[in-house]
Amino acid sequence: MSQIIESNSIQNPRVTWEGCNVLLDINDGDRLVFARLTPGSTLKIGNKNYSLRPLIGCPFGSLFQIDNGNEGPYLSRFVPAAEGNNIEENDNCEISEELRDNRALIDNNKAQSLTGEVIDEMRRHGAKGDEIIEALIANSSTFEKKTLFSQEKYRVKKQKKYAPRVLLRRPFTRSICEAYFKKYPTRIGFMRVDTLSLLLSMANVTANSDILVADMVGGLLTGAVAERLGGTGYVCNAFIGATPYSTEIVRMFNFNSDTCRRIVCASLNDLGETSKQIGVHEDTPSVGSNDQTSSISIVEIPEPYENQVAAVDHNGTVSPMNKINKASKPGERASEETLKLWKENGFSSLIIAAPDLDPWRLVKDMLPLLSYSAPFAIYHQYLQPLATCMHNLQLEKMAIGLQISEPWLREYQVLPSRSHPCMQMSSFGGYILSGTRIFSS
């Protein structure tokens, strides 16, 4: 029974299960929340907490809305109408739209006759959010005088207040990177999603590759590489000293046991006897870093990784087979056999994302660990550390094809008759130094 449940979870990764991590998009990007689906987990919207139990077993991409029940408000599955929105596009509407404008409207807060006490009374009687919105529209003296665009904008504003919706998103590389870049950009070194994609492409991350990474962006780079490898090859997170870097973001990817076994860590001293210790301490400022203390701290490995595709029977208890064969946690120490193999053959490619360290001090010790003609890519928030690293690589004749790239991204709003670049978007995505390792005598 346990094997069947675990097999189904692996075959259908687009459906949530108990214990998986999800990304909850509230009101179309107004708020992003990472959550773990358990029967007791809750989500706070406004002043109330809502159980996440209805989200278990639903496909990713499902939309939920707050409804009132016998036991109070709860999250229920919401299916949008087929027409998509309330704007009708035909000749009659275009003619009537030309006759209406918002010039005669006066914003004096007297257009709405429905008071807050009436709305609270409707809620006590079990009125749904859509019913309250329709009542607000019916009691507005200026709604019919507005343009179709203004009407839709008014409806969306009231929907976010009285009938908030929650989109169930699957956490993968793009969604996790976008969420962290919007909420906690310092934790991922201000790495934008297009920059991360360019890093993986320049380092030629493909199946059955052994990728050496220096991940000081919370585990985002490690998880992105492991996701692209698809359970093949290895991703080795190299660290300085005796304590691995924190990779807590890897847990958000919902990797199975096979993929977690492909994520290992190793000290630079263990990877090769010729590798010298980099004398960088936590309190030593690096080239190009800010004076402020970094939010990405070097801490010990988190608690043991829980089995996120656990085998559960009908009673909700973990089967004995699953207790014996615990899922591997990502970031375990690499075995001696694997280290010996890497010392003999080298790694397929190298990716460095360590905004708090000097890139050259890392590259000069990590680049010899690669096989000849292996590509590498280095990310940094500032240009000068990469320019210094590029100059030193040219002097030491350690690499060819060196280039510094600046990713550029522009996001557009695409709507009928109002498509334009978004007014608020990131104008800076850091820099990437890429090249190919060569033999130097």
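Buried means under 20% relative accessible area, exposed over 50%, and partly exposed in between, with a 1.4 Å probe and protein chains only. The model is predicted, so local features need pLDDT of at least 70 and side-chain atom pairs count only at pLDDT 80 or more, while totals for chains, interfaces and linings use all residues. Residues are numbered from 1 along each chain as its sequence is written, and side-chain values use heavy atoms, with hydrogens and water left out.

View A. Rings of Phe, Tyr and Trp (its six-membered ring) pair if their centres lie within 6.5 Å; planes under 30 degrees apart are stacked, over 60 edge-to-face and the rest tilted. The count by this rule is eight aromatic pairs. Y372 and F439 form an edge-to-face pair, because their ring centres are 5.5 Å apart and their planes stand at 90 degrees. F428 and Y431 are also paired edge-to-face, at 5.5 Å centre to centre and 65 degrees between the planes. F428 is partly exposed, at 32% relative accessible area, whereas Y431 is buried at 15%.

View B. F439 has a relative accessible area of 56% and is exposed.

View C. F34, Y180 and Y184 are linked into a cluster by ring pairs. A charge sits over a ring if NZ of Lys or CZ of Arg is within 6 Å of the ring centre and within 35 degrees of the ring normal. R187 lies over the face of Y184, 4.1 Å from the ring centre.

**View D. R262 over Y234.** The charged end of R262 is placed over the Y234 ring, 5.0 Å from the ring centre.
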